[in-house]
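Take a look at the model below. We will walk through it step by step.

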Amino acid sequence: MTNLCMALFMALALGSQGEPEAPSLDAMICPYDFNDDGIVNNQDLLIFLTKYGLVGDFDQDFDGNGSVGITDYIEFMRYKGSACQ
Ligand SMILES: [Ca+2]
Ligand SMILES: [Ca+2]
């Protein structure tokens with residue numbers, strides 16, 4: 001009986017932990033929508049590629065290391081095809 005109560009408590013605790021994550025994920029998608037048309041697609045990729053390899057303070061420098069490179073590209077591709085709210 002005690003084990004069952006513990007299992008139920010853990011399931012509830014884990015379940016409620018996941019809920020608040022959803023809105024912040026949506027918020028994270030938006031920075032990749034460079035032309036603000038509501039979706040991250042090839043048009044945004046083309047805009048990204050115009051900055052690729054450049055050093056400076058760009059919106060496309062997602063990891064903030066001062067240049068637009070492969071880590072920023074991988075980050076962008078994770079969200080390519082996602083809708084932005
Ligand atoms: Ca877009
Ligand atoms: Ca970077």
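Cys 30 is partly exposed, because 14 other C-beta atoms lie within 10 Å, and a residue counts as buried only at 20 or more and as exposed at 12 or fewer. Find Cys 30 in the loop between H2 and H3. Now look for Gln 85. Along the chain, Cys 30 and Gln 85 are 55 residues apart.

Step back for a moment. This is a predicted model. The chain has 85 residues, and 12% of them count as buried. It holds four helices and zero strands. Read from the N terminus, the order is α-α-α-α. Consider next the contacts between residues at least 6 apart in sequence. Of these, 40% join residues at least 24 apart.

How far can the prediction be trusted? The predictor's confidence, pLDDT, has a mean of 82 over the chain. A value of 70 or more is reached by 69% of the residues. Which element has the lowest mean pLDDT, and which the highest? The lowest belongs to H2, with 51, and the highest to H3, with 97. Over residues 19-23, the pLDDT is below 50. That stretch has zero contacts in the model beyond near neighbours in sequence.

Helix H2 covers 21-29 and helix H3 covers 42-51, and Asp 36 sits in the loop between them. Most residues other than glycine have a negative phi.

Asn 41 is partly exposed, since it has 16 other C-beta atoms within 10 Å. Which residues does Asn 41 touch, leaving aside its neighbours within four places in sequence? Its contacts are Lys 80 and Gly 81. Phe 76 is 35 residues from Asn 41 in sequence. From C-alpha to C-alpha, Asn 41 and Phe 76 are 9.9 Å apart.

Now move into helix H3, where Phe 48 has its place. Why does Phe 48 count as buried? Phe 48 is buried because 22 other C-beta atoms lie within 10 Å, and 20 or more are needed. Set aside the neighbours within four places in sequence. Phe 48 is then in contact with Phe 34, Gln 60 and Phe 76. Take the pair Phe 48 and Phe 76. In sequence, these two are 28 residues apart. Their C-alpha atoms are 8.5 Å apart in space.

One more loop remains on our walk. Gly 56 lies between H3 and helix H4, which covers 70-79. Gly 56 is exposed, because 10 other C-beta atoms lie within 10 Å. Val 68 is twelve residues away from Gly 56 along the chain. The C-alpha atoms of Gly 56 and Val 68 are separated by 8.0 Å.

Conventions. Residues are numbered from 1 along each chain as its sequence is written. Chains are lettered from A and ligands numbered from 1 in the order in which they are written. This is a predicted model: local features need pLDDT of at least 70, side-chain atom pairs count only at pLDDT 80 or more; totals for chains, interfaces and linings use all residues. Helices (H or I, at least four residues) and strands (E, at least two) are DSSP runs, numbered from the N terminus. Two residues are in contact if their C-beta atoms, placed from the backbone, lie within 7 Å. pLDDT is the predictor's confidence in each residue, from 0 to 100.
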